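Please load the model and follow the selections below in the order given. Each stop names what to select and then describes what is found there.

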Amino acid sequence: MSKGKRLVPFLVFIIATSVFAGVFVYQPLWEKISSFHPWNLGLDLAGGSLLTYQIDMSKINSADRTSVAQGLRDVIEKRVNLFGVSEPRVYIQNSGDSTRLVAELAGIKDVNQAIKEIGATPYLDFREIEQDGSSTVAIPTNLNGRYLKSAQVGRDPTTFVPEIDFTLNEEGAKIFAEVTKKNINKPICIFIDGQPIIPDSETDSCPIVNSEITGGNARITGRFSLDRAQAIVQRLNAGALPAPINLINQQTINADFGSESLHKALIAGALGTFIVIIFMIIYYRTFGIFAGISLIMYVALTLGLFKLISITMTLSGVAGFILSIGMAVDANILVFERTKEELKKGLSKAAAVEEGFKRAWTSIRDSNISTMITSAVLYYSTSSFVQGFALTLFLGVVVSMFSAITITRAILRIFIK
Amino acid sequence: MDIIKNRKIFLGASGLLVLASLVLIFSLGLKQGIDLKGGTQWQILFKDNTNVTESVIKEKIRSVLENIDVSVKKSSDKSFIIRLPETDEKEHQAYREALLSVGNFEEQNFSSIGPTIGAELRTKSIWAIIFVLVGISLYIAYAFRKVSEPVSSWKYGIVTLITLFHDVSIPTGLLAYLGWSQGIEIDTNFIVALLVVMGFSVHDTIVVFDRIRENLITSRGKMSLASIVNKSIHETFARSINTSLTLILVLVSLLVLGPSSLFYFIFTILIGTVFGTYSSIFIASPLLYIAGKSGDK
C-alpha cells in the first residue's frame, strides 16, 4: 500500500499534464492557450498545392550541383514569397540521380498564377554557332543566367529601340571574355528558356562578336517592344534560374475539402475511442474503467505532443493516430487477461496485478517493436504524405506504452488493494 | 477445439485462399493508381448545377483534346473524379475553361504525377514491403533467441514470415479482384495499409508464441509439443480476439464515418487485421508445431 501512496503525486501530475494537454489541443476550451502554438496542418488538410519540379542538371558539373540547387531554391522561394502564401516551404529533394525542387504552398488561393510565375522565371543562356555539315547548330556555352548580376532596360543611343543591358558577376565576366574571344567575328546567340531571343527565329542573324568583351557589361539588342523588354528584365532581376526546371508533379487540394475530410475523420476517431472504452468497461469491469481513463489521457498527451513539436498533421497522419487508439488498449488487455489468470491461481488482487504487468511485458514489448519497425521503414521509404502517417503511428506507439503501462499501473496500484 | 489435430484443415483452407489470391493477382493484375503509374486525377464539384452528367464532362474534355484517354466517375459525395494522362498546367487550364461552360465548379483536388515519380514510388514500395517482412521476422527470431529447445528461434522467424505473407497476399488478391470488377485502384495508401497490417498481425502471433515459449519452459517433458501448443492457443485465445477487436471497432468506425478518400485504405487494413488474427491462431501455431516436430527427428 505504501507503494500506492507514493504514486499519488505522480498520478496527480500526469492527470494535470493530460488536462493541460487537452486544453492546449482542443481550441474551444481555452482559446488563448490553444492558439499560442497553432497546429501545423499539412497541405491536404489546410488546402494548398504541392509542386514538384525536376531540375535539369545535365549541363552542370557534378561539383557545382549542390550550390546550383541551393541557388535555385533561393530564387524560387523569393518568387513564391510574392504570392502571399503564409508559410511556403521550398526544398530540394534528392532521389537517386535526379534532383528535385518541391514547393509546398499551403493555403494558396490561385495556384495557376503561382505555377505560371514559377515557371516563367527565365533560364538564360548564351550559345555559340558551329557549322555542322551544311547547317548550323547552336551549342550552349558555359555562360548562363546564374552568372547574371543585374539587368535593366536601356535604349539604343541612336535608334531609341529598347534593349536589355546586363551586368555579369566576376566569374561570368571571365567566361564571357573567353567565349567572345573564341568567337570573334562569329555570331553568339542568346536563348531564354531554350528559345532564341535575338532574333526571334533565324540563328544566322545572331549578333556578331566584334571583339573580346571584358568587364562583364553587355547589351542584348534586337527588335524588342518596350513591354517585352521590361518583362524580361523584371524576371531576370527576380532571379534567372541557374538550371532549367520542369514541373513533374502537381497536387492541389481545396481547403474546404481538406477540412471536411478532417472533420469526418475526427468524428470517426471520437466514436471509435468511445466504443473501445465501452467495450473495455463491459468486458473488464473496474479494470476497464481504469484502462478507459488512461486511454483518454493517452489521446490528450499524444495530441499535445504532436502539437507541441509541430508535427505536420496530414489526413493519413490523423488516420494513423486513430489506429493507434485501437492499439493503445492492447497492452491493457494483455495485462488484464494475465491478471485474471493469476487471480485464478489464487493470488491476491494486488499481487495478481503486479504479476500481470510483469508477465505481459515481453509480449507488449515485442509487438510494439514490430510496429515501430514498420513505422521506421514507412518513414524512410516513402513520400512526405506517408511520413506524417509513419511519424504519428510511431509516436503513438511510444506514448501508448507509457500510458498503458505506467499510467494504468499507477492507477491500479493506488486503487486496488 | 483441437487446432493442432485439425491443422490440415486450417492450413489447407489458408493455402487455398493464398493460392487463389496469387492467381487473381497474376491473372488480373493490380490496377495501379496515378501515384504509382503517373497520370492526372482531378476532382471537381458543380455547386449550382446538379444535373451535370459524366458524359457531358467527358465531351467537354474531348472538345479540348479530341482523342484523349479520359474517364469520369461520379463519387458518392456528388463530386466528379476525372482521370487523364499526365497533364501540364496549360492543358489543365484549357479543360477548366471548357468545363466552366457547363457551370461554375469548385476544384477540390488536382494532382498530376509524372511517370518517373510513379515508377520510383513503386520500387520504393516493393522495397518497403520486403524490409518490413524481413525486419519483423528477424526481430522475432532475435526476441525468441533464448528458447532453442525444442523449437529453435529462427523457426519462429520463418513461421512469422510465412504468416505475414499469408496476411498480405489475401487483401492484395481481394483488391486485384475489386480492381477487375469495380475498377478500384491501388495507390500508395494501399501499400501503407499492407505494411500496417504486417505490423499489427504480428502482435497476436507474438502473444501466442510468447505463451508457447513460457509453457515450453514450465511443461517441458510433462506434455507433448502438440498439447503445449494447443494449451497456449486456448489460454491466449481471448486476448488475441480482444486486442484485434478493439482495433476492428476503431476501423469500422473510420470506415463508416471517416472521409471517403480513406475508404479503401481502412478497408485493406480491416481485411488484413481479420485475416491476421485468424492466421496467428490457426496458421502460425500449427506451422510452429510442424517446424518444431521436424526438428525432433
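Begin by colouring chain A of this predicted model by domain: the assignment gives domain 1 (2-40 + 254-415), domain 2 (43-120 + 247-251) and domain 3 (124-244). Next, display the contact between domain 2 and domain 3 of chain A, where 12 residues of domain 2 touch nine residues of domain 3. Which element gives the most to the domain 2 side of this contact? Select α4(A), which supplies six residues there. By residue class, the domain 2 side of chain A that touches domain 3 comprises seven nonpolar residues, one polar residue and four charged residues.

**The sheet spanning both chains**

Now show chains A and B together and select the strands in the order β2(A)-β3(A)-β1(A)-β11(A)-β4(B)-β1(B)-β3(B)-β2(B). These eight strands form an open sheet with antiparallel pairing. At its edges stand β2 (89-95) of chain A and β2 (71-74) of chain B; each has a single partner strand, so one side of each is left without a neighbour in the sheet. From one strand to the next, the twist averages 20°.

Strand β11 of chain A (residues 245-253) pairs with strand β4 of chain B (residues 105-113) in the antiparallel sense, over five bridges. Which residue of β4(B) is the bridge partner of A:Q250? Selecting B:S112 shows that partner.

**Helices on the sheet**

Return to helix α4 of chain A, residues 65-81. The helix packs on the sheet and touches β1 (48-55), β2 and β3 (98-106) of chain A. Its direction makes about 20° with that of β3(A). On chain B, select helix α3, residues 54-64, which lies across β2 and β3 (80-84) of chain B. This helix runs at about 150° to β2(B).

**The three-stranded sheet of chain A**

For the last stop, select β6, β7 and β10 of chain A, which form an open sheet in the order β6-β7-β10 with antiparallel pairing. The edge strands are β6 (148-155) and β10 (217-220) of chain A, each pairing on one side only. Neighbouring strands of this sheet are turned by 25° against each other on average, direction ignored. Strand β7 of chain A, residues 162-168, is joined to β10(A) by four bridges, and the two strands run antiparallel. To finish, highlight A:T167, which stands opposite A:N217 in β10(A).

Technical notes:
Residues numbered from 1 in each chain as written. Chains lettered and ligands numbered in written order. Predicted model: local features only at pLDDT ≥ 70, side-chain atom pairs only at ≥ 80, totals over all residues. Pairing = 2+ DSSP bridges. Axes fitted to C-alpha atoms, helices over the stretch in contact; angles between N-to-C directions. Contact = placed C-beta atoms within 7 Å. Domains from an automatic or database assignment. Nonpolar A, V, L, I, M, F, W, Y, C, P; charged D, E, K, R; others polar.
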